[in-house]
Amino acid sequence: MGKIIAVTSGKGGVGKTMSTINMALSAAKSGARVLIVDGDLGLSNVDVVMGLQPSGTLKEVLEGQVTIAEIVAHSPLGIDVISSGTGVTQLANMNPLSRSFLVHELARLPNSYDYVFIDTGAGISESVLTLNSTSDIFVVVTTPEPHAMTDAYAVIKVMAEEYDRRECAIIVNQAINDDEGKRVAARLAEVALKFCDSTVHFAGTVPRDGSLVRAVLARQVGAEGSLSSLCGQGWSQSWCRILQLLNSGELSTGSAGLNSVWDALSAPPSGRQNIGL
Ligand SMILES: Nc1ncnc2c1ncn2[C@@H]1O[C@H](COP(=O)(O)OP(=O)(O)O)[C@@H](O)[C@H]1O
Ligand SMILES: [Mg+2]
């Protein structure tokens with residue numbers, strides 16, 4: 001069965017989608033079969049950033065308009081993408097028939113993929129947290145900015161206290177250099193260990209790179225050249241480390257599979273707000 005990697009953050013705009021796509025690209029380049037599930041119900045945009053035009057979204061599957069097989073978009077880079085579309089209400093209120101159909105279809109997906117990446121969306125809403133809890137590993141993305149760090153810590157803390165998930169990986173994005181990335185990760189690891197008995201594994205640093213912004217504007221993220229940029233190297237090194245963690249048995253957690261991913265996506269919104277510490 002494939003491994004599920006949830007990419008999450010406390011604060012929005014820190015680079016989850018970029019991290020998801022670029023790590024998926026690293027995995028695909030080494031020959032793995034890779035799927036990205038866009039779980040960001042509020043700001044779903046993996047397809048847009050990758051320049052894909054999916055023929056449908058999970059929302060439309062629920063409405064009975066298309067099947068799940070039909071909405072898997074195939075990127076020329078060897079990555080498949082399932083877009084969620086926006087519409088939390090429809091996802092929450094699906095009819096039992098389509099629900100059991102979807103669960104059945106989704107349950108078959110891990111067999112077709114080596115790695116399923118979930119771009120979860122930001123914050124500590126129930127659906128984000130549950131998506132994290134269904135993963136084999138959840139990867140917290142932060143920047144060195146104090147707000148991003150405190151919100152990253154909030155996710156780590158809630159995952160430990162409410163889901164008993166006391167291990168995660170961290171990517172420090174938009175850092176000035178590797179030293180800054182290491183400092184940020186070490187600080188978070190120290191606090192997480194001390195206050196919630198949680199182990200934070202440093203996956204890697206990704207520098208700020210203006211050309212990435214231009215690539216996004218041109219919808220060229222994930223193009224061949226991306227991995228050779230400094231950012232691309234940061235993300236592929238991070239993926240190597242995460243792969244090491246997944247394969248070494250160092251992690252104490254296991255995945256509940258894609259059925260629970262679907263449950264998480266379709267959970268009614270909890271109304272809980274993101275908290276800044
Ligand atoms: N390392 C980086 N260097 C420069 N710009 C970046 C970097 N990482 C992300 N960005 C930019 O920051 C913005 C937010 O990134 P995104 O991945 O969409 O964040 P999120 O998914 O967490 O909301 C995008 O415009 C993206 O191009
Ligand atoms: Mg995003």
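A residue counts as buried if 20 or more other C-beta atoms lie within 10 Å of its own, as exposed if 12 or fewer do, and as partly exposed in between, with C-beta atoms placed from the backbone. This is a predicted model, in which local features need pLDDT of at least 70 and side-chain atom pairs count only at pLDDT 80 or more, while totals for chains, interfaces and linings use all residues. Residues are numbered from 1 along each chain as its sequence is written, and chains are lettered from A and ligands numbered from 1 in the order in which they are written. The protein has 12 helices and 8 strands; these are DSSP runs numbered from the N terminus, helices being H or I with at least four residues and strands E with at least two. Of its 277 residues, 50% are buried.

**Sheet**

- The 8 strands form an open sheet with mixed pairing, in the order β3-β4-β2-β5-β1-β6-β7-β8; two strands pair if DSSP finds at least two bridges between them.
- β3 and β8 (199-207) each have a single partner strand and stand at the edges, so one side of each has no neighbour in the sheet.
- Strand β1 (residues 3-9) runs parallel to strand β6 (residues 137-142), with 4 bridges joining them, and A6 has F138 as its bridge partner in β6.
- Helix α9 (residues 178-196) packs on the sheet and touches β6, β7 and β8, its direction making about 160 degrees with that of β8.
- Helix α11 (residues 230-248) also packs on the sheet, where it touches β1, β6, β7 and β8, and its direction makes about 160 degrees with that of β8.

**Strand β4 and its partners**

- In strand β4 (residues 79-82), I79 and V81 point one way and D80 and I82 the other way, and all are buried.
- Strand β2 (residues 34-38) runs parallel to β4 and is joined to it by 4 bridges; L35 is paired with D80.
- Strand β3 (residues 73-74) pairs with β4 in the antiparallel sense over 2 bridges, and A73 stands opposite V81.
- The hairpin of β3 and β4 has 4 residues between the strands, and G78 in this hairpin has a positive phi near 90 degrees.

**Nonpolar core and contacts**

- The largest nonpolar core holds 70 residues, and those with the most contacts inside it are A24, F117, V139, C168 and I170.
- Helix α8 (residues 146-163) gives the most to this core, with 8 residues.
- Such a core is a set of buried Ala, Val, Leu, Ile, Met, Phe, Trp, Tyr and Cys residues joined through C-beta atoms within 7 Å.
- Not counting residues up to four places away in sequence, F117 touches I5, V7, T20, M23, A24, V34 and I36; a contact has C-beta atoms, placed from the backbone, within 7 Å.
- Among contacts with a separation of 6 or more, 80% are between residues 24 or more positions apart.

**Helices α7 and α8**

- The axes of helix α7 (residues 126-133) and α8 come within 11 Å and cross at roughly 75 degrees.
- Axes are lines fitted to C-alpha atoms, for helices over the stretch in contact, and angles run from 0 to 180 degrees between N-to-C directions.
- α7 and α8 are therefore roughly perpendicular, a term for angles of 65 to 115 degrees.
- L129, N132 and S133 in α7 meet V158, M159, E162 and Y163 in α8.
- The residues of this contact divide into 4 nonpolar, 2 polar and 1 charged; Ala, Val, Leu, Ile, Met, Phe, Trp, Tyr, Cys and Pro count as nonpolar, Asp, Glu, Lys and Arg as charged, and the others, Gly among them, as polar.

- Most residues other than glycine have a negative phi.
- D164 has a positive phi of about 55 degrees although it is not a glycine.
- D164 lies in the loop between α8 and β7 (167-175) and counts as exposed, with 9 C-beta neighbours inside 10 Å.
- Q174, also not a glycine, has a positive phi near 60 degrees.
- Q174 belongs to strand β7 and is buried, with 23 other C-beta atoms within 10 Å.

**Loop glycines**

- G42 is in the loop between β2 and α2 (46-49) and is partly exposed, with 15 C-beta neighbours inside 10 Å.
- G42 and G85 are 43 residues apart in sequence, and their C-alpha atoms are 8.5 Å apart.
- G56, in the loop between α2 and α3 (58-62), is partly exposed with 19 other C-beta atoms within 10 Å.
- Leaving aside neighbours within four places in sequence, G56 is in contact with V61, Q65, V66, E70 and I71.

Conventions. Two residues are in contact if their C-beta atoms, placed from the backbone, lie within 7 Å. Angles under 35 degrees count as roughly parallel, over 145 as roughly antiparallel, 65 to 115 as roughly perpendicular and the rest as oblique.
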